[in-house]
Every structure is written in structure tokens, then in C-alpha cells.
Amino acid sequence: MEWRGKAAAIEQRSGFRYIQVMEPTFLSMLKSGRTPLYLAPQAGVSESPFRRLCRGFGADVVVSEFVSAEGIRRHDRRTHGYLQFDAAERPIGIQIFGADPAGMAEAAVLVEELYRPDFLDINFGCPVKKVVNRNGGSGCLRDLDLVQAIIRAVRGAISIPVTVKIRSGWSEDSRNPVEIARRCEDAGAEVLTLHARSRTQMYSGVANWDEIAAVVEALSIPVIGNGDVWTGADALRMREHTRCDGVMIARGSHGAPWLFTQARAALDGLPVPAEPDVPERFRVVREHARLAIAFERDEEKAMIEFRKHLGWYTKGLPNGRLLRQELFAVSTLAEAEVLLAAYQEESLAVTA
Ligand SMILES: Cc1cc2nc3c(=O)[nH]c(=O)nc-3n(C[C@H](O)[C@H](O)[C@H](O)COP(=O)(O)O)c2cc1C
């Protein structure tokens, strides 16, 4: 039985609010030495269908895209849409952002009460102007007292674990991942993820894995390494280089959810499965599209939003550009299936 199920049973019998004594699955996973793989929080990407798909391919933990604390408190319908998830996605974290400690705490309580995720993640990493101008995301990194006030307020308000995701610093001049991480731990963060780039780097350059290693060394809470894991071998290299407790993957999984299977094999010292062939790749495309349509309900809207995934799935394929152009014009899965089948037949004829 899941710890939450046990909690409910005990609550019912005793009439008392259960005080969590069993460790949530994802925390014990982190301490087991197995190095869980995380699907990174990603706006417009780590949505329920993709999270389910990645769980199927071996992502051990998934995180929602960042959700505005303000939107949650205003009961904005669209915002609350981002908070929905399926039981099959567990363990899942909901990530929130904002710069007002009391408002963040209030939003966290709503998330816990209405959705009961396995943990709540606070975003201190988002580099987008619209967010940092209001001191949200990585904007908070300019004021570590504020970072701590937010963590303390959230931690004091909810009973599920509170985790944080940071960048290495606001700017290159003020790059200070160890100090930021220590302040987060002192304020009560239970797990910390470091995307080892500064805010000003956005996504340029390479992630500095030495900084992940330094943070692992400095903290006693589990540390998740993040940045530039593109292959199964990268996941193993990151663990070896940093001794991190978990590995988080974002862009490497785009159009390649099987990266989690490859990363797991590499971490477990097993042969890393090859990239899937065209029929297997397209089987995954169809499965992903079906999940997206079921989630969205409006097929045409779902297929339009699915274009980015189609672009990623077909990247690098011979004559992929033409296929992409055709796929971008479809409005139903049936139309896409015809194009995929024709491409598959042609590619098999070429390789036969
Ligand atoms: C499209 C996109 C959306 C993202 N949205 C979020 C987000 O909502 N919250 C967050 O903490 N990080 C977000 N990130 C950052 C990723 O979680 C991750 O830290 C970053 O991409 C580095 O990992 P990677 O090298 O594996 O891509 C986003 C990244 C991408 C590419």
C-alpha cells in the first residue's frame, strides 16, 4: 500500500490527522543509491501525456511545468488545468513559482489539498523576463533572504516534502551555487536540483558539472544533477562526475522518451539499447499523440500543440524535413498516420 493510502486508513480508524512517519516513495528512492531519473519540469512539454509516456520508458519521478502561485490562488481555470495529473504518473511533483512568501504558502496549501502530489517543488531557476521581472523564478536568486523566506513559508504550510530547483546564480559575476544551495537546505528544502548554468546563460554554453559535485559535497540533503544529459552515457558520466543522488533530463527527452531506458541501462551497468528504428519510433509517436488527444479532448487543438513533438520525433530522419512539413499541416491523427505509414514503407524499401 502506498504511504498515502496507509495514512488515509490510519486517519479513518483513529480520527486523528496522520503524521507522516513513512517516507514518501521518491525520498526513499533517492536514498537507496539507485539514482532515480527525473523528467524535468518544462513549460509546454512536461504535460500529463508526456509525463505518462516518460514514466513508461523508465523516468522514476516526473515534475509538472512551473505554475504561477498567483494563478493558483485566483483559481484561474487555465492555471488549475496545469495541476491535473493521473495516478499512473506518481511519484509526481508540482512546481510553483512566485516571489511572495505568504502567497506561495497559500498556493502550496491549495495544491496539497486539491491535488495531493508527492512533493511540491519551488522554481528558483526560470530565466524568462516576464517571470524574473516580478522577482519570480531565478529572479529570487538576487535575494537569498527572500529565497529562504519562501521555502520556510511553504514548508511551514504543507506536510508533503518541499523541494527546490535552482540555477548556479543570477549572473556570471554572482555565480554561487554552493551558497544558494546551503541557504535552501538551511531553510528546509528536502531535495535540491541544480541546473548548473547561471540565469544570464539561459541555455547557452555547457552546464558546469563541477558545480553539481561541489553542491553534492556541501549538502546533506539529496541533490539532483541537471544540465546537458543527452545520452544514456551522459547520465552515467554525470553520476560519476558529481556523485549526485538523481539525474534530471529535459531537452534530451524531446522526441526521445526512450532516453530514460537508455540512461537506466547505463546507470545499471547494462548494455545501452540502440536508438529505435523507424517503426518503433513511429509507434511511440502514435502512442504519444493518442495520449495527447485523450487529454486535450479536442483532436485538432491537440494535433496543433503536438506539432513541436512531431518536429522533435522526426529530427535527423532522412528526408525528415519534407515529412515534417506534411505532418505540420494535419489536423487529425488519422491523417498523420497515413503520412507516417507511407514514410515507413518507403524507408523500409530503401533499407531492404
Ligand atoms: C521548453 C522548456 C521549458 C522549461 N520549463 C521549465 C519550467 O517550467 N520549470 C523549470 O524549473 N525549468 C524549466 N526548464 C528548464 C529545464 O527543467 C532544465 O533545467 C534545463 O532544460 C536544463 O536541462 P537539460 O540540459 O536536460 O535540457 C525548461 C526547459 C525547456 C527546454
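This is a predicted model: local features need pLDDT of at least 70, side-chain atom pairs count only at pLDDT 80 or more; totals for chains, interfaces and linings use all residues.
**Entry 1: Ala 99**

I started at Ala 99, which is buried because 21 other C-beta atoms lie within 10 Å. The cut-offs I used: buried takes 20 or more other C-beta atoms within 10 Å of a residue's own, exposed takes 12 or fewer, partly exposed is in between, and C-beta atoms are placed from the backbone. Ala 99 sits in the loop between S3 and H6. Helices (H or I, at least four residues) and strands (E, at least two) are DSSP runs, numbered from the N terminus.

I then looked up its contacts, meaning residue pairs with C-beta atoms, placed from the backbone, within 7 Å. Leaving out neighbours within four places in sequence, Ala 99 touches Arg 134, Asn 135, Gly 136, Gly 139, Cys 140 and Leu 146. I also checked Ile 150: it is 51 residues from Ala 99 along the chain, and the two C-alpha atoms are 7.4 Å apart.

**Entry 2: what kind of model this is**

Residues are numbered from 1 along each chain as its sequence is written.

pLDDT is the predictor's confidence in each residue, from 0 to 100. The protein averages 92, and 93% of the residues score at least 70. Residues 1-21 stay under 50, and the model has 12 contacts beyond four places in sequence for them.

Next I went to Gly 93, in strand S3. Gly 93 is buried because it has 25 other C-beta atoms within 10 Å. Not counting residues up to four places away, its contacts are Val 63, Ser 64, Pro 117, Asp 118, Phe 119, Leu 120, Asp 121 and Thr 163. Thr 314 is 221 residues from Gly 93 in sequence and 30 Å from it in space, C-alpha to C-alpha.

I also found a cis peptide bond joining Arg 90 and Pro 91, with omega about 0°. Pro 91 is in the loop between helix H5 (77-81) and strand S3 (92-97).

**Entry 3: positive phi**

Most residues other than glycine have a negative phi, and most peptide bonds are trans. I looked for exceptions in phi and noted two arginines.

- Arg 116 has a positive phi near 50°. It lies in the loop between helix H6 (101-115) and strand S4 (119-124). Arg 116 is partly exposed, with 13 other C-beta atoms within 10 Å.
- Arg 297 has a positive phi of about 75°. Its loop runs between helix H13 (278-296) and helix H14 (299-305). Arg 297 counts as exposed, with 8 C-beta neighbours inside 10 Å.

While at H6 I checked Leu 114, which is found in that helix. Leu 114 is partly exposed because its C-beta neighbours inside 10 Å number 13.

**Entry 4: helix H12**

How many of the residues of H12 are buried? I got 7 of 9 for this helix (residues 259-267), so I logged H12 as mostly covered. The buried ones are Leu 259, Phe 260, Gln 262, Ala 263, Arg 264, Ala 266 and Leu 267. They pack against strand S1 (37-39), helix H3 (48-56), helix H11 (232-242) and strand S8 (246-249). Gly 269 follows H12 and has a positive phi, near 75°.

I counted a nonpolar core as a set of buried Ala, Val, Leu, Ile, Met, Phe, Trp, Tyr and Cys residues joined through C-beta atoms within 7 Å. The largest has 93 residues, and those with the most contacts inside it are Tyr 38, Ile 96, Ile 151, Cys 184, Leu 192, Val 247 and Ile 249. This core takes at least three residues from each of domain 1 (26-267) and domain 2 (278-351). Those bounds come from an automatic or database domain assignment.

From Leu 192 I listed contacts beyond four places in sequence, among them Thr 163, Ala 181, Leu 219 and Val 223.

The C-alpha centres of the two domains lie 30 Å apart. Their contact takes 7 residues from domain 1 and 10 residues from domain 2.

**Entry 5: the ligand**

Which residues come nearest to the ligand? Of the 22 around it, they are Ala 40, Gln 42, Phe 66, Ala 250 and Arg 251. Near here means a C-beta atom, placed from the backbone, within 6 Å.

Methods. Two residues are in contact if their C-beta atoms, placed from the backbone, lie within 7 Å.
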